[in-house]
Amino acid sequence: MSTEEGKPQVYKLSLKGSSKLVAEFFEYCINTILYQRGVYPASDFTVVKNYGLNMLVTSDHQTKAYIKKIMSQLNKWMVGGKVSKLVVVITSKETGEHVERWQFDVQIFNKTSKKSTTAKSSDKENAAPVEDPNHQSEKSEEEIKSEIRPIFRQITASVTFLPQLNGNCTFNVLVYADADSDVPIEWGDSDAKEVKNAEKVQLRSFSTSNHRVDTLVSYRLADD
């Protein structure tokens with residue numbers, strides 16, 4: 001690969017490399033949301049370093065196994081360019097009501113437009129397509145991670161405006177994938193698990209040369 005003399009060389013992140021980076025971001029998002037929103041006790045999490053931040057990941061064996069199963073399939077769909085959206089839904093165990101919904105929209109550059117997508121979920125969902133935005137300039141992995149860092153800071157800071165979750169809650173992960181995706185037998189279709197009468201807050205986005213990810217949180221206002 002040639003480069004102009006005196007200029008730092010920027011290596012283009014391959015589609016596979018970009019997909020891996022986006023999938024890793026999702027995995028840390030799931031863990032961060034579970035920790036920051038108190039879905040599981042703080043004692044169930046351990047600290048690891050990534051993105052120049054102290055990240056918290058679950059150490060609970062059952063939760064780890066569930067997330068690992070999701071990520072194993074998500075990685076395959078990401079590399080195949082099949083994913084348009086990932087959603088983390090927090091649900092009250094007592095009422096079954098969806099109280100919070102974290103949505104990560106994925107736009108894939110230079111992807112042939114498809115008319116239908118479906119949301120898949122491991123014991124949960126299926127969905128719709130996205131328009132291709134203008135192609136992004138090439139970025140180094142460090143530049144991409146510098147865009148990701150503020151998103152995790154926003155998720156952490158979200159406790160300042162999100163209502164406190166009352167009672168015990170559980171979570172579901174929904175993956176919106178193209179309708180022609182190969183779906184493991186243990187994955188099923190699901191409804192969108194929307195939050196009723198939700199307030200919505202748009203968070204930051206980040207992009208690679210192959211993907212753009214936008215973040216939106218929907219939540220139910222606390223009862224008066």
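**Notebook: salt bridges**

I started with Glu194, which is partly exposed at a relative accessible area of 45%. For these classes I used under 20% relative accessible area as buried, over 50% as exposed, and partly exposed in between (1.4 Å probe, protein chains only).

I noted that this is a predicted model, where local features need pLDDT of at least 70, side-chain atom pairs count only at pLDDT 80 or more, and totals for chains, interfaces and linings use all residues. Residues are numbered from 1 along each chain as its sequence is written, and side-chain values use heavy atoms, with hydrogens and water left out.

Next I looked up the partner of Glu194. Its side chain meets that of Arg101 in a salt bridge, 3.8 Å from N to O. By salt bridge I mean a side-chain nitrogen of Lys or Arg within 4 Å of a carboxyl oxygen of Asp or Glu. Arg101 sits in strand S4 (residues 98-108) and Glu194 in the loop between S7 and strand S8 (199-207), 93 residues apart. Helices (H or I, at least four residues) and strands (E, at least two) are DSSP runs, numbered from the N terminus. Arg101 is buried, at 1% relative accessible area.

How many salt bridges does the structure hold? I found seven.

One of them pairs Lys82 with Asp180, with the closest N and O atoms 3.1 Å apart. Lys82 is in the loop between helix H2 (61-79) and strand S3 (83-92), and Asp180 in the loop between strand S6 (169-178) and strand S7 (187-189), so the pair ties together parts 98 residues apart in sequence. Asp180 is partly exposed, at 46% relative accessibility.

Last, I checked Arg149 and Glu142. They form a salt bridge, the closest N and O atoms being 3.5 Å apart. Arg149 is buried at 19%, whereas Glu142 is partly exposed at 48%.
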